[in-house]
Amino acid sequence: MNGWTDELSRARLHVVTGKGGTGKTTVAAALALALATGGRRVLLVEVENRQGIARLFDRPPLPYAEERIASAPGGGEVRALAVDPEAALLEYLDMFYNLGFAGRTLRRMGAIEFATTLAPGLRDVLLTGKVKECVRRVRPTGRHEYDAVVLDAPPTGRVVRFLDVTRAMAELAKAGPIRGQSEGVVKLLHSGDTAVHLVALLEEMPVRETLDAVAELDAADLRPGAVFVNRVNPPRLPERSLVAAAQGRVDAERVRAGLASAGLEVDDDAVEGLVDQAVEHAMRVRAEQRAKELLAEADLPSLELPELTDGVDVAALYELAEVLVGRGVR
Amino acid sequence: MNRLDVDALLDDPATRVLVCCGSGGVGKTTTAAALAVRAAERGRHAVVLTIDPARRLAQSLGLRELDNQPREVRVEGFQPKGGLHAMMLDMRRTFDDMVWAHAGRERAEQILANPFYQTISTSFSGTQEYMAMEKLGQLVGRDEWDLVVVDTPPSRSALDFLDAPQRLSTVLDGKLIRMLSAPARAGGRGIRKIVGAGFGLFTKAVSTIVGGQLLQDASTFVQALDSMFGGFRQRAQATYDLLRSPGTGFLVVAAAEPDALREASYFVERLSAEDMPLTGLVANRTHPVLAPLAASGAQAAADRLERSGDAPLAAAVLRVHADRVAVADREKRLLARFTRAHPGVPLVGVPALPVDVHDLDGLREIGRRLAGE
Ligand SMILES: Nc1ncnc2c1ncn2[C@@H]1O[C@H](COP(=O)(O)OP(=O)(O)OP(=O)(O)O)[C@@H](O)[C@H]1O
Ligand SMILES: Nc1ncnc2c1ncn2[C@@H]1O[C@H](COP(=O)(O)OP(=O)(O)OP(=O)(O)O)[C@@H](O)[C@H]1O
Ligand SMILES: [Mg+2]
Ligand SMILES: [Mg+2]
């Protein structure tokens, strides 16, 4: 399946996961820009205390507040929020107990990190709780505060545990303030309002991890959204030479003659180097094709994003967002 | 550029421990395995401690299951001049063994059955790093190998390897646990005075959230652990000292990408602040240019050929070349920036192989590239 679907357009919470380093933060940011295009307001959220969004948008660290970080083409805007579990816990406790200034001291002592160590699920419950609050918040006009929320989520290895609030709650007290709100979180995450997108590279291991994650999401009754195939390189060799080239068969004489006809005279070593590079390229393209076939087993809408040779800066994010809009994201 | 001489490093009998660090997915496990294979083939008696290796890589070293013990690598086509053992870390088992070693039988059983122990020993971030250090200490202590090559856990940041044990100690140390679970009895009165009444409220709040049972388990656990905790800490300290000793070297593995190199920089600075010996940087998965031909000329020629449509193969080969030059230039620029910031750090680039590395030949190939062959 290719491109974005209407069903995905109806989601209000877009969770972006993937193997570490595949481009979750980059894709989440580009997706937020794409969704904001044309005048919508989108919130981009991170939860791992890494300030990845600030770095990507070339800004000082984000405070625990929703701040505008970019405007999108057509009058839209993207705001960003770095949820800090400690601040979320204090915010939470403050609603029920007046901790006041003691809260800060406890935080300095590491007491809060400690409480979340006691019950690792607590951290996740607090983070997803904050995300849910943002998704559900309404303005006085009755309209949702955000048209969409994009979450730069933990990597595939941890994402199901992260989203499985029901299980986390089992670790916690049977009653109590957090339990109350969690029911709303569970409802949101398992509804059609939420889509869990996967970022993959066209390499065997990341693709296998993606397939495993899809199975895990299905098993946990969470809804896989689209697969973002990131860092795709253009195939350069003609399709008919590809298989032979990947097996090391490139006609060096023909290459030399071709170069000569373009006015390039090169020595044997250079031809050999060029041929070696072409063989490596062909091997990689073939491996990518196999990875793509494997990925098709997931049977999810897929969207390709190009490899950007100069790396990812703010301008590049707009470029990627444009690609996504071109593939139907809205 | 200061080139890292890997063969000299591997051949030097004074090299006793090599630790491969780096941020997630850069190639730590592959590098560790390739170094160990090469060292063994050059005559060392080496053992490699791998952490979460890909299944096929593990199989290529003859490791089928996680049994937490080094096994001699006996696979077809591998007759090293020296010898090679390999193992995969089982963090839970290593932790259990530590408990058995430090607590009496009854107490150990009590600890292992505690639900809070289950949490700490399986899902606390930091346990894997701590146990990797513990295992490293054990391997060195056994004195059966003249070279121990260590892989480090897949974490976000290489710094975790140095920091995590400290984090775990802080938790196990238990001052807070004791205050939370039994504030009336615990020491720590000083802190409580500072925090004042807020602490009582906080305790109440936390226990309404996580539940009294969990706090009770945690408290029992810490009390049971108390007697052996001194032993824990001593061991961690001994391993730390080992990491600081002259026979140890850290190899930082990084991709030639801004994030990975930034992490590598932090790590290099940290090692120097800790007086830990840095051996060098492995820039993994680079794309060196194999033909001396300017990219602009190649592009122009490809344009001409495409327009005429005469030589599609040559045109494609030239495009591949131009792409490759662009990537290689960027990698060189990024590595040069790293070298400017850390001029004393020896460096070696390992090209990206066009296929995954999961067998002995692949590891040998990486080894050759590491050695600059
Ligand atoms: N399409 C692309 N073209 C070129 N470089 C890219 C592309 N997408 C991501 N990158 C680069 O890959 C690296 C990893 O990307 P990113 O930080 O988004 O990944 P991540 O999955 O969020 O990583 P982590 O698991 O560490 O959070 C960055 O250096 C980024 O600039
Ligand atoms: N020079 C190389 N050329 C080609 N593939 C490589 C190279 N180095 C590593 N790889 C491949 O990259 C992937 C990641 O490598 P590896 O598992 O060694 O990384 P790691 O740093 O140990 O990752 P983690 O942080 O997840 O433990 C593997 O599939 C491996 O085969
Ligand atoms: Mg990220
Ligand atoms: Mg590894």
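**Notes on the predicted model**

1. Ligand 1 lies between chains A and B. It is surrounded by 17 residues, a residue being counted if one of its heavy atoms lies within 4 Å of the molecule, and the closest of these are A:Gly21, A:Lys24, A:Thr25, A:Thr26 and A:Arg50.

2. On provenance, this is a predicted model in which local features need pLDDT of at least 70 and side-chain atom pairs count only at pLDDT 80 or more, while totals for chains, interfaces and linings use all residues. Residues are numbered from 1 along each chain as its sequence is written, chains are lettered from A and ligands numbered from 1 in the order in which they are written, and side-chain values use heavy atoms, with hydrogens and water left out.

3. An oxygen atom of the ligand is 2.9 Å from a polar backbone atom of A:Gly23 and an oxygen atom is 3.3 Å from one of A:Thr22, whereas a nitrogen atom of the ligand lies 2.9 Å from a backbone N or O atom of A:Leu308. Of the 630 Å² of accessible area that ligand 1 has on its own, the protein covers 88% (Shrake-Rupley method, 1.4 Å probe).

4. The shell around ligand 1 comprises 3 nonpolar, 7 polar and 7 charged residues, with Gly counted as polar. Its largest share, 3 residues, comes from α2(A).

5. In chain B, B:Arg44 sits in the loop between α2 (28-41) and β2 (45-50). This arginine is buried, with a relative accessible area of 6% (buried means under 20%, with a 1.4 Å probe and protein chains only). Its side chain reaches the backbone oxygen of B:Asp146 at 2.8 Å and that of B:Asp12 at 3.0 Å. Leaving aside neighbours within four places in sequence, the residues in contact with B:Arg44 (heavy atoms within 4.5 Å) include B:Leu9, B:Pro13, B:Ala39, B:Gly82 and B:Leu147.

6. Chain B is divided into domain 1 (6-170 + 230-289 + 334-370) and domain 2 (295-331), with bounds from an automatic or database domain assignment. Their C-alpha centres lie 41 Å apart, and 9 residues of domain 1 are in contact with 7 residues of domain 2.

Methods. Helix = DSSP H or I, 4+ residues; strand = E, 2+ residues; numbered from the N terminus. Buried < 20%, exposed > 50% of the residue type's maximum accessible area, 1.4 Å probe, protein only. Polar contact = N/O pair within 3.5 Å; in protein donor to acceptor, adjacent residues only side chain to side chain.
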